[in-house]
Amino acid sequence: MTNTATPRPAEAQRRAGRTGPAAWPYVVGFLGWLLPGLGHLVQRKYDRAGIFFVSVAAMAGLGIAMGAKLYVLPFGEGQGMFVGLLHVLAFLGDLGAGLLFFLGWMAGFGRDYLARASGDYGTVFFLCAGLLNLLTVLDAYDIAVGKKD
Amino acid sequence: MHLLAQPLVLSHFQALALFAFFTSAVFAVISHRTWRERAKEFLWTFLLFVVIGVGLGWVMYLFSR
């Protein structure tokens with residue numbers, strides 16, 4: 001029977017003729033999460049790195065500028081389980097933006113909810129920046145394990 | 001009080017267009033390898049985002065009053 005299972009990173013690297021530490025794909029994924037495009041930059045995929053950085057940073061920056069609410073701990077205390085669950089999901093999405101999320105929070109942005117349309121749009125912009133960055137992390141990982149070029 | 005003295009205010013269409021632009025760019029670059037394919041994917045995805053967004057806006061308008 002043919003083995004169609006996804007190869008382990010080290011095995012895939014060998015198949016792709018690449019050598020390196022087995023942890024390399026995970027390091028690449030971590031770097032890509034930390035700063036959008038960095039996972040591609042360290043693999044010399046400069047065009048993709050540039051486009052990912054500009055797109056994710058622009059969406060996060062626009063979100064902050066529009067008054068995005070950033071979701072952090074603690075999760076929706078005293079607001080019920082459903083709102084708490086939404087808070088957790090929004091936190092995970094925001095967290096996808098990596099350093100942009102932490103820098104924005106530490107700079108004091110995103111602490112208040114703006115009760116206007118632009119604030120809601122900003123929240124969605126930042127959330128989608130995080131989710132897009134997670135997609136780029138998967139792309140960088142796939143390149144590192146040899147599933148993509 | 002919000003940290004930004006004057007938060008950026010975009011129209012609905014401006015926000016839609018900017019969202020569509022950046023999201024389409026990432027989708028196109030992730031899903032294709034050649035620049036020609038990426039350009040086609042970008043234009044198609046961008047167009048779908050905008051057309052469906054505007055279409056949904058008009059659908060919601062029917063129920064707004």
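Where in chain A is R44(A) found? I looked this up first in the model, which is predicted. R44(A) sits in the loop of chain A that runs between α3 (38-41) and α4 (46-65).

I then checked the backbone of R44(A). Its phi is near 65°, a positive value in a residue that is not glycine. For context, I note that most residues other than glycine have a negative phi.

Is R44(A) buried or exposed? I found 8 C-beta neighbours inside 10 Å of R44(A). The cut-off for exposed is 12 or fewer, so R44(A) counts as exposed.

Next I turned to the contacts between the chains. How many residues of chain A are in contact with chain B? I count 23 residues of chain A, in contact with 16 residues of chain B. On the side of chain A that touches chain B, α4 and α7 (117-145) each supply at least two residues. The largest share of that side, nine residues, comes from α7(A). I also sorted the residues of this side of chain A by type: 14 are nonpolar, six are polar and three are charged.

My last entry is on chain B by itself. Chain B has two helices and zero strands. What is the radius of gyration of chain B? I have 16 Å for chain B, whereas a compact globule of 65 residues would have a value near 11 Å. Taken along the principal axes, the C-alpha atoms of chain B fill a box of roughly 45 × 35 × 15 Å. Of the 65 residues in chain B, 17% are buried.

How values were computed:
Residues are numbered from 1 along each chain as its sequence is written. Chains are lettered from A and ligands numbered from 1 in the order in which they are written. This is a predicted model: local features need pLDDT of at least 70, side-chain atom pairs count only at pLDDT 80 or more; totals for chains, interfaces and linings use all residues. Helices (H or I, at least four residues) and strands (E, at least two) are DSSP runs, numbered from the N terminus. A residue is buried if 20 or more other C-beta atoms lie within 10 Å of its own, exposed if 12 or fewer, and partly exposed in between; C-beta atoms are placed from the backbone. Two residues are in contact if their C-beta atoms, placed from the backbone, lie within 7 Å. Ala, Val, Leu, Ile, Met, Phe, Trp, Tyr, Cys and Pro count as nonpolar, Asp, Glu, Lys and Arg as charged, and the others, Gly among them, as polar. The radius of gyration is taken over C-alpha atoms; the globule rule is 2.2 Å times the number of residues to the power 0.38.
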